[in-house]
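Please have the sequence and the 3D view at hand while reading.

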Amino acid sequence: MSDLAESAVQAALVDRLTKHDLGWHVVEPGDLPRQLDGVMVEEHVIEALIRLNPVIAERPERVEEVLPRLRATLLAVANDGLVAANEEMTAWLCGRKTTKFLDTEDYVPVRLIDFDEPRSNRLVVCTEVTFAPGHEERRYDLVLFVNGFPLVVGETKTPISKHTSWLNGANDIYNGYEVKTPAFFVPNVLSFATEGKDLRYGAVRQPPETWLPWSKTTDELLLPGMASVLRSAELLLAPEMVLDILRTYTLFSRRSSTQGGYVIKVIPRYPQVEAVDSIVVRVRDTAKRQGLVWHHQGSGKTLLMAFAAAKLRQQLDLDAPTILVVLDRLDLIEQVQGEFASVGIPGLKVGETKEQLRRLLKEDARGVIVTTIFRFKDAGPLNDRPNIVLMVDEAHRTQEGRLGLDMREALPNAKFIGLTGTPISTDDRNTWATFGDPDDPDGVLNHYSVERSIADGATLPIHVETRLVDFHIDHDALDQAYAELAEAEGLDEREAGIVAKRASRVDQIMKAPDRIAAVCADIVEHYRSKVAPLGLKAQVVAFDRELCVAYHEAITALLEPGEEATVVMTTAKGDPIEWDAWDRDRDAEAKVKDRFRDVDDPLKILIVTAKLLTGFDAPIEGVMYLDKPLRAHTLFQAVCRTNRRWSNPNTGQEKLHGLIVDYVGMGNELARAVAVRDTGIRKALPSDVDELVALLREYIDTCMARFAAVDRHASGFEQLYAAQECLPDQAARDAFAAEFIRAEGLFEFLWPDTALKPVESDYKWLARIYKSVTPTDAPDRLLWQRLGAKTAELIHEHLSDVTVDGRGLETVAIDAGVFEALRQLNLFPDIDEGDDPEPPTVEDILDKLEARLQRKLAGGTSHPVWVSLADRLEALRRAKVDSAAASVEFLKQLLVLAKDLVEAEKADEEGRLDDIKVVDPDKGALTQILAEYAPPDVPVIIETVVEKIDAIVRPVRGTGWQESQPGDREVRQQLRLVLKDSGLPPQGEIFDRAYAYIREHY
C-alpha cells in the first residue's frame, strides 16, 4: 500500500480502533517482538499461556510442551490445506485442546485467550506487517493480534480512484496472501477489505464476491463513505465481537460433491449475531416466556439456530439447557440435522417418533434435539424444567393450533422462540400473538427486513415474468359434444349439467393435453435459452401429483442428451403403479437434492407440487415455473426458493436475480410476494418483466447518449474506434462501465425475451465497446465485471465488416502556413526564416512537444501546469481525424497547445509559473454556470461558491448517490444551503443548472 489516500483510510481505521474505547493498542511493526518469518508473536503467546493456565504458571517451562504443537499446526498448512489447518487452530484458540503435561496425571484444557474478559487479553493493532517465509514476502495493511495470534487481517485501498474498490482488496487476500502465505492465515478469524467507502469481510477461502457488510439492524442504511466504514469497523472489530465470532460463530461445514467431500469455514452475518444475542437475553429473562425472530426468507435461519444452540450451551448459568429445534415437516428434519451435524454441533439427537421424543424429554436429555411438532400430539406433560428452549422454525405454519397447545402443555415452563420469514396476522392465525411479546418493538425480538437483506447482498431480488396460457374454447362445439354424450348415455338435463360442470373445473382445464404440451414446450424452450446458459437450474410447480407425472413425461421428451428432469412428490397406497418410480425414501430423496445442487450434474429440472416449496435451500435454483395457484405466506416462501446468492464455480458469473415464471395469472398475489421498498442504498427494481424491459431501455439510452456523434453506418472497426474516442480517459470509461453493467445485469436476466428485439442491436453494440475498452491491469472488479454468458455470445455473434482503418493523424496536412506559425513559437529553432524545408509530420510536432514536456515532468513532484499540458498532448495523440472539419479543429488545438507550452516555459523562467491557473474542468463549468445565471445585483465571489459546492459533492462522487433517494435529497439540500448562504437564490434556473451539471458529472 503506497497511495496517500490509502494511508488516510488506514489511519482512520487505526484511530477508530484505538481511540474510541474499543480496547486496541497500536504498536509499530518495528516494536512488535516477532521475526519476519514468524506468524505468532511468541513472547505474547508465552505470556498468555502463563497467565491463563495455572498448571503452566506453576512451572513456566511447560510452555515448551505447548509451543511445538502450535508451531506444528501452523506448518501443517502445507500438507493439510488452509481450511483444515484453520479448523485445528480454531480448536486450540477456543480452548478445546487438552495436554497432559510431564509429571501430571490428567489431561487439562489449554487456554490461549480469555473469552470471559475480552479486554484483559493483549490487544494489538499493527500496520504494514511484513511476513517473509522463505522466498515469499507479503505486507499486510492492518493486522489485529490477540495474545500474539493474528486473528484479523485488513486490506485498504484508495477511496479516490475509480479503478479500485474493496473487491480488489478482497481479491488480494483471497488470490494472493492466502495462496502465497497461507501460514499467516491459520489463526485467522476473519479478513476485511475497504476502499474507504464500503467495508466487507469474509472467512478464509471464502470467495470475495460473497463477502458481506457488517452493520446493525436498527441502524439507518448509510450511504457509502468513511462514516459507513468506521461504523462497520467499530461494530465488527470490537474485541468482544471478534472473540465471540471465534468461539461461538465459527463453524466448519462438511460438503459433498461429485468430486468428493470438502470443508468450508462458516462465519455469521450480523443479523444472525443480533438474533442469537437477543435469544440468549430472552432465555435468561425469567419474566418472559417467548419471542419472535422475523428474518427474510433465505437469510440463514438454519445457521442462526445452530449458532443459538452453540451459544446457549456456553452459558453456565443456564445449567446445561435442553434445546429443541421444532420443525413442521419430516424432510426438514433431515436437512436441519444434516446442517447441524456438518457444522459440528455436539450432542445432537433426533426425536423421529413420538416415543423417541417422549423418552428423551422424560429422561431429562440435555443438548440439542431436532423433532417435528407432530410428535407433541396428545403428549401430555413431559418435562417442567425452565431451562428448556424451543426454537420453532417457520413459526407461522402449524404451531398456532391444537398442536401448538399440545407442545406448550408438554413443556409448561419452557421458553418458546419462533423464527419466521412470513409472519401471519389473520382472524384464526396470528404469529405475533403466538410467539411475539407485546413489550418488544412491533412485537418482534429481532427483525431483518427484505429491504435490508437485499441491500446487504444477503439475498437477491425476485422478478416475475407472466406467460399466461391462452385458451379459446369453442362453446358451440362443446355444447354439441355434451348433447351427443347425453344422448349416448341416456342422461337427463340435470345429469348432463353435472357432467358439464365437472368438465369445466380448474383441474380439468389444467390437465387438458394441449395445455400440458404447450406449457411444457414453453418451459423447456425458456429454460434452455434463458436460464441454462448461466448454469442455473429450475423448479416446476405443477397443479397436483397427476400433473407432476404428466409434466415429467412431456418435459423429458423435449430435453436433449445430458439434460434430466425428475419428480419429487409423496406417493400413497392406491396411487397408479407407474408412480412407484417417485416413491423414494429420505436417503434417496436427499441424493436427488444433492444432484440438483451440483452444477455439473445433468439433473436440471425438479418437478414438484407441494414438496420442496418451503425449507429447500438450493442457491443454484434460478427460476421457478409456477403453474399452481398459491396464496399468502405459502406463495412468498415458494418464490423465495430463487432468492439465494450463487456464483457459477466454472465461469465465475454471479446470479443477479431470482425469476418466477407465472403460467396461472397470480398477478397481484405475486406482486405483493416479491415487492421490495426502496432503501437509501439500493433503489428497488420493479418486479414485473415488462417494467424491467422499459427500465433496460432507459439504461441503454443513457449509455447511447455518450456516443451520439458516432456514425453507425460506418464500418464495424470505424464505429468501435470512434466510440473509443468518445471515452478519452479512464474516468470516462469508468463512468460508461458503471452505466453499462446496470444494463448488462438486466439484459442477462431478460434475454431472450422477444420484447428485447427493439434494443438488441444497441445493446450488442454497447457490449462490444465495453469489451474493447475493458482494462487489463486489475481494474475495479465491481465496475469491470466478467461479461455474462449471453452478452459474451452476442459480442462475437455476426462480426462482419472488420477492416484495418488506415486513416488517422497522418491525414492531417501541415501546410506552410501552419508550419510558419509553429516556427514562430520557436518549436523549430534550427530552421531559419526563409528556409524552405519539407514540413514536418504531425507525429514530429507531437514528439517535439512531448520532449520539451518530459524535461519539465522529470524528477520529483510535477507542477500541475505541466501535468495539464501533458494530458492535452496525450488527448491529441489519441485523436481520430477523418474529415476536413476534424483536421481544422485538430490543428487549432495543436497550435493552442504549442502556444500555451511556450507561455508556460517563459513563465517558469521568470518564476511566475504558479500564476498560471489550471482550471478543474468541473469547477470551470460550475463557475461558468454561476456567472451566467447569478443575479447581476448580487455581489458574490463565484470561485468561493464553486469551492464550497465542490467540497460537498466531491466526497460522494462515483458512489451512485443519484440512484439513492436519501443521497439525492442530501445533495439537493446542501446545494441549496450553499447558494442561500452565499446570497444566491436557492431555487430557479441557477439551482436547476448547477444541480443538473452536478448530477451528470459527479
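Which residues in helix 20 meet which residues in helix 21? In this predicted model, the helix 20 side consists of Arg515, Ile516, Val519, Cys520, Ala521, Ile523, Val524 and Arg528. They meet Leu547, Ala550, Tyr551, Ala554, Ile555 and Leu558 in helix 21. The residues of this contact of helix 20 with helix 21 divide into twelve nonpolar, no polar and two charged. Two packed helices are described by the angle between their axes and the distance between the axes.

**Helix 20 and helix 21**

- Helix 20 covers residues 513–531 and helix 21 covers residues 545–558.
- Their axes come within 9 Å and cross at roughly 55 degrees.
- The crossing in which helix 20 passes helix 21 is right-handed.

**Helix 4 and helix 6**

- Helix 4 covers residues 67–75 and helix 6 covers residues 82–93.
- The axes of helix 4 and helix 6 come within 9 Å, and the crossing angle is roughly 155 degrees.
- Angles over 145 degrees count as roughly antiparallel, so helix 4 and helix 6 are roughly antiparallel to each other.
- Helix 4 and helix 6 form a left-handed crossing.
- On the helix 4 side, the contact is made by Arg69, Leu70, Thr73 and Leu74.
- On the helix 6 side, Ala85, Glu88, Met89 and Trp92 take part.
- The residues of the contact of helix 4 with helix 6 divide into five nonpolar, one polar and two charged.

How values were computed:
Residues are numbered from 1 along each chain as its sequence is written. This is a predicted model: local features need pLDDT of at least 70, side-chain atom pairs count only at pLDDT 80 or more; totals for chains, interfaces and linings use all residues. Side-chain values use heavy atoms; hydrogens and water are left out. Axes are lines fitted to C-alpha atoms, for helices over the stretch in contact, and angles run from 0 to 180 degrees between N-to-C directions. Helices (H or I, at least four residues) and strands (E, at least two) are DSSP runs, numbered from the N terminus. A crossing is left-handed if the near helix is turned anticlockwise from the far one by less than a right angle, and right-handed if clockwise. Contact means heavy atoms within 4.5 Å. Ala, Val, Leu, Ile, Met, Phe, Trp, Tyr, Cys and Pro count as nonpolar, Asp, Glu, Lys and Arg as charged, and the others, Gly among them, as polar. Angles under 35 degrees count as roughly parallel, over 145 as roughly antiparallel, 65 to 115 as roughly perpendicular and the rest as oblique.
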